[in-house]
Amino acid sequence: WSQELTLEQSLDEYVKGAMLIQMLREGPLRGVAGFEDTLYDMSVGYDLEGIKSDRVMSFIRQMMDATDVVDRFRREIPASYGHLRDLDYPTELSDSLTLSTFHGCPPEEIEGIIDFLLREVGLHSIIKFNPMLLGRDEVHRILFEVLGYTDLEVPDSAFERDIQWNQAVDMLGRLSETAASEGLGLGAKLTNTLIVRNTRGFLAPEEDEVYLSGQPLHVLAISLVGRFREIFGSRYPISFAAGIDKDNYPDAVALGMVPITTCTDLLRKGGYGRLTAYHAQLKKRMEAVGAQTIGDYILRAYGNAEAAFGRLGIDPRDSLAGRCLGALTEGADLLEAAGREIYDRWVAAASCLNTSRYVEVVMAEERYTRESNSKGPKKIGRHLKLFDCLTCDICVPVCPNDANFTFGSDQKTIAVVKAVPSKSGWEWRHEEDLDLEERHQIGNFADFCNDCGNCDIFCPEDGGPYVLKPRFFGVEAEWRSTTHLDGFYIHRNHERDLVLGRFEGREYRMEATSAGVTYSGDGFEIRFDPQEPQNSLQGEGSGEVDVTFCNIMDYLRRALLDAEQVNYVQTLSPLA
């Protein structure tokens with residue numbers, strides 16, 4: 001339930017993504033260092049029975065050998081890009097998997113899943129852990145005493161039903177022996193979200209528990225990384241996901257964690273555009289310590305390289321020690337001085353020392369405290385309407401699914417019109433005009449929207465763009481079945497444009513052809529020539545018909561199917 005795609009669709013997206021990246025490698029990114037290192041990691045849950053099911057195992061097997069899917073998409077490459085059909089696309093997409101079980105999954109279930117994946121499937125495996133692994137007292141100390149989030153409630157039951165630290169240590173010991181015997185790797189991902197009580201009133205009241213992320217989770221997760229490193233050293237590789245942003249990303253790199261995942265930060269203003277600052281900050285930090293590689297950066301970032309070398313057990317009088325420490329002082333090539341084996345051990349030792357230091361840093365940094373994170377985005381006291389708003393466009397990049405988009409046209413008025421039946425036919429009553437004053441409008445593509453409300457949080461106006469702005473459905477059946485939501489379905493087929501609209505629960509239908517417009521709803525159906533509507537109006541109806549809704553749908557039809565526009569609705573109308 002945690003994603004919008006089926007297993008089959010997920011497989012397709014992995015393959016399409018891998019093929020597109022290969023196209024870039026052979027085209028604009030040819031010869032650019034680093035892009036050959038892309039790794040595709042699977043993520044599954046939640047129990048062993050489900051993972052053993054035919055559908056999940058089919059997904060996993062095809063990720064390990066996607067030849068048939070690659071060949072299917074190879075045939076779909078348009079003739080104009082025919083030269084790309086014969087590229088050497090990767091078919092063995094993934095040999096690693098992250099197990100992301102939900103809060104409360106029994107430790108024996110987790111161990112059973114990983115044991116199965118190692119022994120029976122042959123996958124390098126990563127286990128995602130929760131911050132509850134720190135224990136109730138330590139979580140409360142960090143969250144309440146260190147960071148000041150005294151208004152949060154962490155239920156005791158969350159700790160009782162989650163895996164305990166001693167259980168995790170014992171489990172990792174057993175599974176690491178299994179992984180070694182199979183010639184496979186075992187790692188940890190830190191961390192999942194933190195369970196808290198739903199007391200803020202923003203999320204649905206029927207949800208008793210919700211999940212904390214962002215800045216406070218970063219401190220909790222880093223503390224858990226510190227505990228892992230104290231017990232295991234660098235024995236288990238760690239991937240990290242908790243409150244990463246441009247400022248702490250270089251620190252996470254300095255701790256030797258791979259991969260580093262960001263999510264919450266991308267839900268803020270700027271969206272995915274914020275990512276460019278991550279590498280800019282890393283580059284700045286690397287240049288400041290004279291590091292040309294990530295390994296050298298780990299050694300130099302916190303000044304722990306000499307102490308880390310001392311942990312390798314190499315006699316200080318050995319020429320190797322003199323060569324390595326000399327290179328460190330002179331800013332020379334550390335890998336060349338140490339050799340690959342010693343260099344890797346040296347970097348691993350430095351990552352552990354860096355972790356201890358960074359745990360101290362985040363505990364003292366004010367930016368992670370409640371005081372620094374208690375202010376929400378500003379509101380201006382105005383309520384959103386279907387059309388026009390500040391058009392600050394903040395709602396577009398903060399949508400994690402890219403469901404919000406802009407559109408517009410040269411039309412700046414929508415006529416407010418009523419058609420009234422009379423003895424002589426129909427009377428056309430033009431009351432006023434709805435003026436469109438902003439440079440463009442905001443729309444929402446329902447197929448991609450999961451109602452997370454993030455655009456509502458950042459919108460300066462009240463009501464939520466995903467609720468009040470025009471919502472468009474890509475499939476007619478979805479529009480019909482989603483009766484609790486107002487919205488539109490627009491489709492162009494040869495010479496006919498069809499628009500289905502729902503306003504405050506009332507449904508309307510509009511068809512536009514070269515012969516004119518047919519507009520119908522509950523109890524009426526009328527037809528008219530849009531060039532001379534008053535003189536051409538005819539049809540049947542039991543009372544007054546509000547033609548304004550027809551004019552709104554006509555405006556949306558014209559704006560979204562305009563050949564100069566690029567939007568979801570247009571791409572779903574192949575003849576638009």
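This is a predicted model: local features need pLDDT of at least 70, side-chain atom pairs count only at pLDDT 80 or more; totals for chains, interfaces and linings use all residues.
Let's start with helix packing. Two packed helices are described by the angle between their axes and the distance between the axes. Take α8 and α9 as the opening pair. Helix α8 covers residues 165-181, and α9 covers residues 215-232. Their axes sit 13 Å apart, at an angle of about 50°. An angle of about 50° makes α8 oblique to α9. The crossing of this pair, α8 and α9, is right-handed.

Which residues meet there? On the α8 side, they are Trp165, Val169 and Leu172. On the α9 side, they are Leu224, Arg227, Phe228, Ile231 and Phe232. By class, this contact of α8 with α9 has seven nonpolar residues, one charged and no polar.

Now α1 and α3. Helix α1 runs over residues 7-26, and α3 over residues 54-64. Here the angle is about 10°, and the axes are 10 Å apart. Angles under 35 degrees count as roughly parallel, so α1 is roughly parallel to α3. From α1 come Leu7, Glu8, Ser10, Leu11 and Tyr14. They meet Arg55, Val56, Phe59, Gln62 and Met63 in α3. The contact of α1 with α3 divides into six nonpolar, two polar and two charged residues.

Next, the backbone. Where are the cis peptide bonds I want to show? One joins Leu190 and Thr191, with omega about 0°. Thr191 lies in the loop between β4 (186-190) and β5 (194-197). Another runs from Val258 to Pro259, with omega near -10°. Pro259 is placed in the loop between α10 (249-254) and β8 (260-261).

One phi value also deserves a slide. Thr391 is not a glycine, yet its phi is positive, about 50°. Look for Thr391 in the loop between α17 (370-373) and β9 (404-407).

On to the cavities. How many are there of 30 Å³ or more? The count comes to four. The largest cavity has a volume of about 100 Å³. Its lining has 15 residues. Nearest the centre of the largest cavity lie Cys389, Cys392, Cys395, Cys459 and Pro465. That lining splits into eleven nonpolar, one polar and three charged residues.

The second largest cavity comes in at about 80 Å³. This one is lined by 14 residues. Cys399, Pro400, Cys449, Cys452 and Cys455 are the ones nearest its centre. By class, the lining of the second largest cavity has seven nonpolar, six polar and one charged.

Last, an open site: the second largest pocket. Its volume is about 710 Å³. The lining takes in 31 residues. Lys385, Leu386, Phe387, Leu468 and Ile552 lie nearest the centre of this pocket.

Which elements each supply at least two residues of that lining? Among strands, β11 (425-435), β14 (487-493) and β15 (496-503). Among helices, α19 (465-468) and α22 (548-560).

To recap, α8 is oblique to α9, at about 50°, while α1 is roughly parallel to α3, at about 10°. The cis bonds are Leu190 to Thr191 and Val258 to Pro259. Thr391 carries the positive phi.

Methods:
Residues are numbered from 1 along each chain as its sequence is written. Side-chain values use heavy atoms; hydrogens and water are left out. On a 1 Å grid over the protein atoms alone, a cavity is a set of points where a 1.4 Å probe fits but cannot get out, and a pocket is an open set with protein on both sides within 12 Å along at least five of seven lines; lining residues have an atom within 4 Å of a point. Grid points are joined across faces, edges and corners, and a volume is the space filled by probe spheres set on the points. Ala, Val, Leu, Ile, Met, Phe, Trp, Tyr, Cys and Pro count as nonpolar, Asp, Glu, Lys and Arg as charged, and the others, Gly among them, as polar. Axes are lines fitted to C-alpha atoms, for helices over the stretch in contact, and angles run from 0 to 180 degrees between N-to-C directions. Helices (H or I, at least four residues) and strands (E, at least two) are DSSP runs, numbered from the N terminus. Angles under 35 degrees count as roughly parallel, over 145 as roughly antiparallel, 65 to 115 as roughly perpendicular and the rest as oblique. A crossing is left-handed if the near helix is turned anticlockwise from the far one by less than a right angle, and right-handed if clockwise. Contact means heavy atoms within 4.5 Å.
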